[in-house]
Amino acid sequence: MSTQSRPQLDELMRHIEENWSNLNTLFDDLAARNGWDQQHGTDWTFADVPYHLAYCNQEILIRGIKAGPNLPDGEQELLASADAINAWNARKFAERPADQTAAQSVLQWRRTCDEIRQLTSEMTDTDLDRPFWMPLFFGWRDVREGFLFTRAHDWGEFMQLRIYMGREDPIPSAGVTRAYLKRMLGSFPLFFNPEAAAGRQFTVVMAFADPGVGAFSFQVADGAVAFVESRLPQADLVMTQSAETFLKTLTGMLDPAEAIQSGLVQVNDLDSLATFGQLFPLP
């Protein structure tokens, strides 16, 4: 097979493999010191992470690739809110055998990674356009959406676990970090308030201090918003932070006001920050 037939898929899989390698580093560390019982936020322990990743691989990416347009109507569950996703996660955790160990969950996750490798071994970029059921928010999309989700989701889970473990490594590459930020920030227009934007022009730059990651922008004009994958000039609001800080505030690990007060998030104009909150009332 010519490598030119799958440059998009190869890049996606390189990023996903990087996330898997970084997760394996953390899992091996936890296994070596039997640290699985430590708390991961308010509801999880570290042992829950590999199990969660395993059923996400299986229920979202693997199932979607295999079923394609033939997924039965009765299996087209759509989780269109945070509450619905939380309930789905709770249901999946309830299916875990009571005596399943963390080591067994890691093995289960690694097996799903191997299955994804096998499924993608004969795919090309053309296959990325095939129908795919994305149960989180979107419904019918294409196979590409499944890989984009997996890349961003695994980066987020890796970084959260790394933070809770008190580690500063492994350090993800700029490419996979930017891909995560692109997906997360690219969802902000879903929460855009056109009424607050009426008659207003406003430019926001989200700049990241991580080497090679760069910046993204939102341009508001005539009641509409455009997401731009670069730094626009003459911005009304510039927010500068690390990708880790962004993840912390997005997931509730860190209060945004505290992040600003401590200098972890640098803001050029507080009045413009208030405007941003009106234009993008995030949940």
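Valine 205 sits opposite valine 238 of strand β8. The model is a predicted one, with local features requiring pLDDT of at least 70 and side-chain atom pairs counting only at pLDDT 80 or more, while totals for chains, interfaces and linings use all residues. Residues are numbered from 1 along each chain as its sequence is written, and side-chain values use heavy atoms, leaving out hydrogens and water.

Strands here are DSSP runs of E with at least two residues, and helices are runs of H or I with at least four, numbered from the N terminus. On one hand, β8 runs parallel to β5 (residues 202-208), joined by five bridges. On the other, two bridges tie β8 to β9 (residues 266-267), and that pair runs antiparallel. In β9, glutamine 266 partners threonine 240, and valine 267 partners methionine 239.

Zooming out, five strands make an open sheet with mixed pairing, in the order β7-β6-β5-β8-β9; two strands pair if DSSP finds at least two bridges between them. At the edges are β7 (224-228) and β9, each pairing on one side only.

Then there are the helices. The axes (lines fitted to C-alpha atoms, for helices over the stretch in contact) of α1 (residues 7-33) and α5 (residues 143-164) come within 9 Å and cross at roughly 25 degrees, on a scale from 0 to 180 degrees between N-to-C directions. That makes α1 roughly parallel to α5, a label for angles under 35 degrees.

Definitions and conventions: Parallel < 35°, antiparallel > 145°, perpendicular 65-115°, else oblique.
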